[in-house]
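Hi everyone, thanks for coming. I'd like to walk you through one protein model today, a piece at a time. Here it is on the screen.

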Amino acid sequence: MKKQLFIALTTVLAMSCGESKKEESQAELFARIDTEIQQNAKGYSTLKEASETIGHRLTGSENGAKAEEYTFNKFKEYGFEEVEYQTFEVEAWSRETVSVSINDELVKAVTLGHSPVKANVTGEIVDMGNGLEADYAANPDAVKDKIALVYISILEGSPEGLSNLHRSEKTALAIKYGAKGIIIINQVDNGVLLTGTASVTGELIPIPAVCIGKEDGMALKEMLKEGTSSATIEMTNNSDMIKARNVIATLPGNEIPEEIIIIGGHLDSWDLATGAIDNGIGSFAVLDIARAFKANNLQPKRTVKFVMFMGEEQGLLGSRHMVAEALKEGTMDQIKYMMNLDMSGNPIGMNAGGKLDNEAFFTDLGAAIQQQDSIYKNEFSNRSGLHSDHQPFMLEGVPVLSVHSNLDRSIYGCYHSDCDDFNLVNEEHMTNTSRFGTMMLYGLADAETLPATKMDSETTKEFMIKNDLKEKLIIGGDWKWEE
């Protein structure tokens with residue numbers, strides 16, 4: 001009896017030690033990764049170099065091509081043998097001139113992407129509030145052959161529970177209700193102007209779309225309470241067929257290489273500044289995470305593809321192309337997860353989009369990351385939005401992953417504007433994205449069993465509805481389910 005008890009205790013002790021050893025092994029690995037990145041992180045320095053030597057990274061521009069080549073060469077420098085360009089042809093848009101006058105007085109404005117190549121319209125301005133469907137439904141003919149004025153966000157004093165729309169969706173509604181032009185008021189103080197696409201399809205829109213500053217916009221709203229006002233919008237732009245390139249570095253998996261985990265961030269930016277926040281901090285963190293995988297000799301079970309997407313700002317063009325190619329080649333089912341870093345930084349948690357089989361996977365992984373540094377708070381959520389490169393993958397049922405960022409909210413005021421320059425970038429925050437992002441990606445790519453599997457069409461549909469995305473997808477022409 002004593003012998004049997006001894007054997008049982010020995011077995012339990014051995015099992016316990018085995019478990020401890022396994023946990024210690026993960027802790028040791030994450031500690032090694034953490035030390036290496038803190039000593040050798042290159043995200044901040046490469047973004048600085050690219051900002052100074054390339055400038056903006058507009059898709060289809062000479063600068064955009066230089067950015068593609070820069071990151072291709074960096075992947076090679078970091079030791080990747082399999083680096084490729086994925087070329088796609090698109091109708092690229094770029095701005096030339098714009099003039100906006102209200103009641104014959106010039107107002108500072110910026111053109112929104114995919115506005116017509118040439119436009120010269122004059123019309124009465126109609127205040128459509130938030131520019132949501134409900135604002136038009138009350139008076140469907142209000143903006144017919146007139147110029148719609150809408151706020152980029154949700155106005156103070158609006159009914160509770162309203163869901164905002166993207167600027168392109170607000171433009172699509174103005175077009176639907178017959179407007180001949182649209183003026184969007186920015187939400188940022190001190191006259192900051194916002195650009196970005198006003199097209200839900202990435203194709204030219206039939207009406208001119210412009211953004212004006214918050215102060216000018218709010219003053220105009222007050223004027224419209226007292227009487228009518230008119231605007232003249234004149235502009236010229238360029239739109240030409242060009243070739244752009246996603247840049248892809250592949251790290252083959254060591255056990256199940258046919259299963260693919262994608263991590264990506266859009267390399268392209270708008271042209272008013274250098275796009276440091278949108279999306280330099282995301283795409284150059286992806287580049288440094290790739291470097292860290294090689295520097296730390298990380299060989300996960302699954303294949304990892306590190307992707308610099310182009311064309312995101314002009315309609316998710318690069319990611320849509322990648323998904324279309326995978327569908328054409330019959331390899332879509334091999335893509336098991338898509339991790340997206342878009343204006344992401346200083347992570348304190350994870351967001352996993354899709355129907356989860358094992359939520360605890362992420363909180364356990366987060367706890368292991370938190371062991372390395374308590375600034376990581378292990379926050380977790382299960383929700384999804386649109387308008388970034390995860391969207392085409394998500395619509396095919398692929399589970400997606402992003403991070404909860406802990407950045408100074410004031411930097412987002414320069415999103416898509418002429419102040420989005422490198423001086424906004426925090427080196428420590430970029431390094432933290434590399435540190436924690438590398439651990440997240442490795443944990444996912446090396447998992448025994450993935451925490452979510454691809455959703456079938458009906459489950460994907462229900463997830464879109466649950467996340468309040470149906471209306472947005474319908475407006476954008478991406479709702480693929482019949483009612």
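This is a predicted model: local features need pLDDT of at least 70, side-chain atom pairs count only at pLDDT 80 or more; totals for chains, interfaces and linings use all residues.

The peptide bond that runs from Asp278 to Asn279 is cis, and its omega is near 5 degrees. Helix 7 itself covers residues 276-295. If you follow the chain onward, you come to the loop between helix 7 and strand 10 (302-309), where Asn297 is found. Phi of Asn297 is near 50 degrees, which is a positive value in a residue other than glycine. Asn297 counts as exposed, because its relative accessibility is 58%.

Asp104 is not a glycine, yet it has a positive phi of about 70 degrees. You can find Asp104 in the loop between strand 1 (82-102) and strand 2 (105-107). Is Asp104 buried or exposed? With a relative accessible area of 77%, Asp104 is exposed.

Next, let's turn to helix 2, residues 43-53. Which of its residues are buried? They are Gly43, Thr46, Leu47, Ala50 and Ser51. If you look down the axis of helix 2, these buried residues fall within an arc of 135 degrees, so they line one face of the helix. And what do they pack against? Their partners are helix 3 (62-77), helix 7 and helix 11 (427-445). Glu52 and Thr53, on the other side of helix 2, are exposed. Just after helix 2 comes Gly55, with a positive phi of about 90 degrees.

Now for the strands. I'd like you to find strand 5, residues 147-151. How many of its five residues are buried? Five of the five are, so strand 5 is largely enclosed by the rest of the structure. Both of its faces are covered: Ile147, Leu149 and Tyr151 are buried on one side, and Ala148 and Val150 on the other.

Which strands does strand 5 pair with? One is strand 4 (residues 118-127), which runs parallel to strand 5 and is joined to it by three bridges. Within that pairing, Ile125 has Ile147 as its bridge partner, and Val126 stands opposite Ala148. Another is strand 6 (residues 181-185), also parallel to strand 5, with five bridges between them. There, Val150 stands opposite Ile184. Strand 5, helix 5 (residues 167-176) and strand 6 make a right-handed β-α-β unit.

Strand 4 has a further pairing, with strand 8 (residues 230-251). These two run in the antiparallel sense, over seven bridges.

Let's move on to the cysteines. How many disulfides does a search of the whole structure find? The search finds one. That disulfide joins Cys414 to Cys419, with an S to S distance of 2.1 Å. The angle about the S-S bond is -110 degrees, and the link is left-handed. Cys414 is buried, with a relative accessible area of 11%, whereas Cys419 is partly exposed at 22%.

What about Cys211? Cys211 is buried, with a relative accessible area of 1%.

Two last stops. Asn378 lies in the loop between helix 9 (360-372) and strand 13 (379-381). Which backbone oxygen does the side chain of Asn378 reach? It is the backbone oxygen of Thr363, at 3.0 Å. Leaving aside residues up to four places away in sequence, Asn378 touches several others, among them Ile348, Gly349, Phe362 and Gln370.

Glu482 counts as exposed, because its relative accessibility is 75%. Glu482 and Met128 are 354 residues apart along the chain, and their C-alpha atoms are separated by 30 Å.

Conventions:
Residues are numbered from 1 along each chain as its sequence is written. Side-chain values use heavy atoms; hydrogens and water are left out. A disulfide is a pair of cysteine sulfur atoms within 2.5 Å. Buried means under 20% relative accessible area, exposed over 50%, partly exposed in between (1.4 Å probe, protein chains only). Helices (H or I, at least four residues) and strands (E, at least two) are DSSP runs, numbered from the N terminus. A polar contact is a pair of N or O atoms within 3.5 Å; within protein, one must be able to donate a hydrogen and the other to accept it, and residues adjacent in sequence count only if both atoms are side-chain atoms. Contact means heavy atoms within 4.5 Å. Two strands pair if DSSP finds at least two bridges between them. A crossover is right-handed if, with the strands pointing away from the viewer, the path from the first strand over the helix to the second runs clockwise. The arc is that of the directions from the helix axis to the C-beta atoms.
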